[in-house]
Every structure is written in structure tokens, then in C-alpha cells.
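Work through the exercises below with the model open beside you. Try each task before you read its solution.

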Amino acid sequence: MEQRVFGNTGLHVPVVGMGTWHTFDVTSREANERERVTDAAFKAGATFFDSSPMYGEAERVLGRTLRGRRDNAIVATKVWTSNDREAMTQIAASLAFFRRSVDVFQVHNLVAWRNRLDQLQRLRDEGAVRAIGLTHYAASAADDLLRAMKDPRVQAVQVPYNPRERWIESAILPAAADLGLGVIVMRPFGQGSLARLRVNSSALEPLKPFGISSWPQALLKWILSDMRCHVAIPATSSPDHLFANAAAGVPPWLGPDERHYIAGLAGHPS
Ligand SMILES: NC(=O)c1ccc[n+]([C@@H]2O[C@H](COP(=O)([O-])OP(=O)(O)OC[C@H]3O[C@@H](n4cnc5c(N)ncnc54)[C@H](OP(=O)(O)O)[C@@H]3O)[C@@H](O)[C@H]2O)c1
């Protein structure tokens with residue numbers, strides 16, 4: 001698995017990690033099955049994990065599957081509330097799930113971001129947080145996100161990017177690169193809808209020299225071939241899918257022609 005320097009944070013991240021929205025919001029009985037997904041992530045070197053208090057039981061379940069190996073993982077989670085006191089409660093719960101330390105603590109959907117940055121900065125000073133980030137999922141928030149990214153306390157940004165959702169290309173990606181921010185790509189498969197597209201194996205034939213043997217791998221390589229993206233975090237409940245996704249995290253990377261070809265297969269030629 002290729003590792004990339006995560007902006008100016010001092011962290012090195014594997015280019016393929018794992019999200020936990022829906023997939024890790026499960027009962028304690030199902031949590032045992034999710035342990036196998038985390039096992040696969042460790043075997044494949046996809047040891048960057050993203051969660052949020054917004055994802056129900058996901059933080060608790062992820063924390064449980066990381067027991068005994070937390071030090072070998074990079075954990076990103078979020079705080080998501082406009083209430084300062086509730087924010088402290090959320091942050092304390094996250095720290096408890098992840099053995100008192102979160103690698104990338106993000107302000108979810110920019111909610112009350114100035115106040116949250118004040119709180120997260122204090123935690124970074126105390127050594128409980130390594131990097132502070134911001135997330136948003138919507139193109140309509142691009143201007144607000146851009147403004148917030150310029151706050152000197154911000155070190156990372158998490159945004160959607162796939163052949164159907166390219167709004168970050170015009171301003172967010174260039175600004176992230178200029179500011180030295182780490183970039184986490186959410187929704188690499190458009191919440192699963194892109195991964196489910198039927199693409200003929202013959203259409204993937206020209207991509208074989210790039211180590212691509214499946215359509216989801218083509219989508220991940222499409223993202224990761226833009227070197228301004230540091231880690232993509234597909235969510236999965238399947239160890240097999242985890243292994244297949246992780247296999248896309250190695251060179252050779254694609255050029256503009258192959259990226260254009262894949263965008264066309266996705267129905268969104270650039
Ligand atoms: N969506 C958002 O608005 C949002 C917002 C903030 C943060 N995030 C973060 O970004 C992460 C990723 O985004 P997402 O979960 O919305 O969607 P996604 O990663 O684009 O898609 C997840 C879906 O893809 C399927 N999948 C994964 N690998 C596959 C493979 N190799 N072959 C076929 N299907 C595959 C999964 O099903 P299986 O379980 O069957 O594999 C799952 O249904 C989230 O989990 C979260 O951590 C998302």
C-alpha cells in the first residue's frame with residue numbers, strides 16, 4: 001500500500017483507508033463480524049479509519065475492533081454539534097473509544113466550526129489530538145469551507161470526490177494543496193451507487209496494465225491518481241471488498257486519458 005505525506009501534519013497515511021458510516025453502526029452481535037473487516041484492513045495495510053458520533057454505534061464498534069492494535073491505526077473522527085457543552089461530551093466519548101487519542105479530529109459539516117476549533121486546539125496542545133480537520137459533503141458549502149480552511153488551526157479537510165461529484169476540483173483541491181492540508185476523500189463510490197454500476201469486464205481491459213481488475217478499483221485509482229488526494233475511505237461491511245479496495249492503493253497511477261476514460265464509463269465524461 002502506498003503511503004502519502006498528509007499535508008503538513010507530519011502524518012503518513014495509506015492511500016486507501018475505510019469509512020464506517022452505516023457499515024459499523026451495528027449491534028454488538030454484528031460487531032464480531034465487523035472485526036473481520038478491521039482484520040482485513042490491517043492485513044492489507046488500509047489502516048486509516050474514519051468515524052463520527054453522527055454514525056450511531058460506529059465509533060464504539062470501531063474502537064472495539066481496534067482493541068490491542070490501536071497504536072498501529074490512524075483514527076479520524078468528528079465532533080458534530082452547535083452546543084459547546086455537548087461538544088465536550090462527544091469529544092470525551094470519542095477519546096474513550098480510541099484509547100485517549102485521536103489522530104485527525106474533524107469538525108463535522110462545519111457545524112459551529114470556530115468554537116469547535118478552539119476546543120480541538122486545546123486538545124492538540126495537550127497531545128490528545130494530532131491534527132485538526134474540517135468536513136463537508138455539499139457543493140453548496142464550498143465557499144464556507146474554503147473560508148474555514150484558511151484558519152491556521154486547520155490541517156486537514158474531508159470532502160467527496162468521484163467521477164460524479166467533482167466540485168472540489170475548481171477551488172478546494174488547489175487551496176488544500178497551497179495551504180498544505182491533508183485531504184481525505186469520502187464517498188469514493190457515491191455511497192455505493194457508483195460501485196453498483198454495471199461495467200463490462202471488456203471495458204476494463206485497457207486498464208489492466210494499471211493493475212485494475214474491477215470497476216470499484218478503477219474508481220479508487222481515478223481518485224488516487226490525483227496526488228492532491230491523500231487517502232480515500234470507502235466504507236464496506238465485507239472483508240473481500242476491503243481487500244479488493246486496498247489492492248487499488250499501489251502504483252502505477254493513471255494519466256489524464258485513463259481518468260477521462262473512467263469518467264466516461266461512469267457516465268460523466270469530463
Ligand atoms: N456520505 C457522506 O455524506 C459522508 C459524509 C461524511 C463522511 N463520510 C465518510 O466517508 C465514508 C465513505 O462514504 P460512504 O460510506 O458514504 O460511501 P462509499 O464509501 O462511497 O460507498 C460505500 C458503499 O460501497 C460498497 N462497496 C465498498 N467496497 C465495494 C466493493 N469493492 N465492491 C462493491 N461495493 C463496494 C459498500 O457495500 P458493502 O458493505 O457491500 O461493501 C457500501 O454500500 C463514510 O463511511 C464516512 O466515514 C461520508
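Two strands count as paired if DSSP finds at least two bridges between them. Keep in mind that this model is predicted.

**Exercise 1. The sheet**

Solution: 
- Step 1. Widen the view. The open sheet has seven strands, with parallel pairing, in the order β3-β4-β5-β6-β7-β8-β9.
- Step 2. Look at the edges. β3 (48-50) and β9 (231-232) each have a single partner strand, so one side of each has no neighbour in the sheet.

**Exercise 2. Helix α6**

Task: List the buried residues of helix α6, and say what covers them.

Solution: 
- Step 1. Take residues 172-179, which form α6. Buried means under 20% relative accessible area.
- Step 2. Pick out the buried ones: I172, L173, A175 and A176.
- Step 3. Find the cover. It includes α5 (142-149), β7 (156-160) and β8 (182-186).
- Step 4. Step past the helix. G180 follows α6, and its phi is positive, near 70°.

**Exercise 3. L145**

Task: Decide whether L145 is buried or exposed, and name its contacts beyond four places in sequence.

Solution: 
- Step 1. Locate L145. It lies in helix α5.
- Step 2. Read its relative accessible area. The value is 0%, so L145 is buried.
- Step 3. Collect the contacts. Leaving aside neighbours within four places, L145 touches L110, L134, H136, V157, V159, W167 and I172.
- Step 4. Take one of them, L110. L110 and L145 are 35 residues apart in sequence, and 7.4 Å apart in space, C-alpha to C-alpha.
- Step 5. Link back to Exercise 2. I172, a contact of L145, is one of the buried residues of α6.

**Exercise 4. The largest pocket**

Task: Describe the lining of the largest pocket, and say which helix gives the most to it.

Solution: 
- Step 1. Start with the space. The largest pocket holds about 740 Å³.
- Step 2. Count the lining: 32 residues. R187, Q191, G192, P234 and A235 lie nearest the centre.
- Step 3. Sort the lining residues. They divide into 13 nonpolar, 15 polar and four charged.
- Step 4. Name the helix. α9, residues 239-246, gives the most, with three residues.

Definitions and conventions:
Residues are numbered from 1 along each chain as its sequence is written. This is a predicted model: local features need pLDDT of at least 70, side-chain atom pairs count only at pLDDT 80 or more; totals for chains, interfaces and linings use all residues. Side-chain values use heavy atoms; hydrogens and water are left out. Helices (H or I, at least four residues) and strands (E, at least two) are DSSP runs, numbered from the N terminus. Buried means under 20% relative accessible area, exposed over 50%, partly exposed in between (1.4 Å probe, protein chains only). Contact means heavy atoms within 4.5 Å. On a 1 Å grid over the protein atoms alone, a cavity is a set of points where a 1.4 Å probe fits but cannot get out, and a pocket is an open set with protein on both sides within 12 Å along at least five of seven lines; lining residues have an atom within 4 Å of a point. Grid points are joined across faces, edges and corners, and a volume is the space filled by probe spheres set on the points. Ala, Val, Leu, Ile, Met, Phe, Trp, Tyr, Cys and Pro count as nonpolar, Asp, Glu, Lys and Arg as charged, and the others, Gly among them, as polar.
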